[in-house]
Amino acid sequence: MIIVTGGAGFIGSAFVAKLNSEGINDILIVDKLRSGDKWKNLVGKKYIDFVDKHNLWSLLDSGIFDAAEAIVHFGACSATTEKDADYLMSNNYGYSRELAIWAVEKDVRFIYASSAAVYGDGKLGYSDSDEMTSKFRPLNMYGYSKQLMDNWIIKNGYEDSVAGFRFFNVFGPNEYHKGNMKSVVCKAFKQIMEKGKV
């Protein structure tokens, strides 16, 4: 089984679709749907169950997922404009850290979404070396919450058993629910269709 957090989100649902295209349906989707249209990203996907992100902990504690092959953790607040630092610390850093601890203790592969926002303004380059990670200066709280997770992985010596991906300006299907956080490509396409130009 593969546990995909944020599996109803933009990147998560695309990842689930890719797994499905390779014949992998033994997927547990973890997410928070709320009242928007994000649920539409699940239509047509094959998975064994859906769990609200807050209910995942009791299931993990029960031991029924100890034999999971991997946790692919795409669940997070991806709004670079989010100002609630406590929310970002709890959601993007705390939740991710606890999932990583569980996965490492159970010897379950842990793959998580970091962000290019970690690099800040780019003056220090875009190196993925562990030595550079703590030197970057993110420009917003979102980027800082992702940097904290990257630094925590390195500090605890998990970099050989955990993989983080720093996504840059991702675009594609299933991002319509993201409101103002849609990609530049998605926003430009809409402008071109409506006005004939960007």
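This is a predicted model: local features need pLDDT of at least 70, side-chain atom pairs count only at pLDDT 80 or more; totals for chains, interfaces and linings use all residues.
Biologist: Why is Asn20 called buried?

Modeller: Its relative accessible area is 17%, and buried means under 20%, so Asn20 counts as buried. Asn20 is found in helix H1, residues 10-21.

Biologist: What makes the approach of the Asn20 side chain to the backbone nitrogen of Lys46 a polar contact?

Modeller: The side chain of Asn20 reaches that nitrogen of Lys46 at 2.8 Å, and the cut-off for such a pair of N or O atoms is within 3.5 Å. The Asn20 side chain also reaches the backbone oxygen of Ile24, at 3.0 Å. Leaving aside neighbours within four places in sequence, Asn20 is in contact with Asn25, Ile27, Lys45 and Lys46.

Biologist: How do you know that the span of helix H3 agrees with its number of residues?

Modeller: Helix H3, residues 85-106, has 22 residues, which at 1.5 Å a residue should span 32 Å. The end C-alpha atoms of H3 are 30 Å apart, which agrees.

Biologist: Where is the kink in H3 centred, and what covers the buried residues of this helix?

Modeller: The kink, of about 30°, is centred on Gly94. Gly94 is itself buried, as are Tyr93 and Tyr95 in H3. The cover of the buried residues of H3 includes strand S2 (27-31), strand S5 (109-115) and helix H5 (141-155). At the start of H3, a side-chain oxygen of Asp84 reaches to within 3.2 Å of the backbone nitrogen of Asp86.

Biologist: What makes Lys53 a residue whose charged end sits over the ring of Tyr95?

Modeller: The charged end of Lys53 is 4.9 Å from the centre of the Tyr95 ring; the rule asks for a distance within 6 Å and a position within 35 degrees of the ring normal. The charged end of Arg97 likewise sits over the ring of Tyr93, 4.9 Å from its centre.

Biologist: How many aromatic pairs are there, and why is the pair of Phe110 and Tyr112 called stacked?

Modeller: The count comes to 10 aromatic pairs. The ring centres of Phe110 and Tyr112 are 6.0 Å apart and the planes lie at 20°. Centres within 6.5 Å make a pair, and planes under 30 degrees apart count as stacked, so this pair is stacked. Phe110 is buried, with a relative accessible area of 0%, and Tyr112 is buried at 5%.

Biologist: What makes the pair of Trp152 and Tyr158 edge-to-face?

Modeller: The angle between the planes is 65°, and angles over 60 degrees count as edge-to-face. The Trp152 and Tyr158 rings are 5.3 Å apart, centre to centre, and both residues are buried.

Definitions and conventions: Residues are numbered from 1 along each chain as its sequence is written. Side-chain values use heavy atoms; hydrogens and water are left out. Helices (H or I, at least four residues) and strands (E, at least two) are DSSP runs, numbered from the N terminus. Buried means under 20% relative accessible area, exposed over 50%, partly exposed in between (1.4 Å probe, protein chains only). A polar contact is a pair of N or O atoms within 3.5 Å; within protein, one must be able to donate a hydrogen and the other to accept it, and residues adjacent in sequence count only if both atoms are side-chain atoms. Contact means heavy atoms within 4.5 Å. The expected span of a helix is 1.5 Å times one less than its number of residues. The bend at a residue is the angle between axes fitted to the seven residues ending there and the seven starting there.
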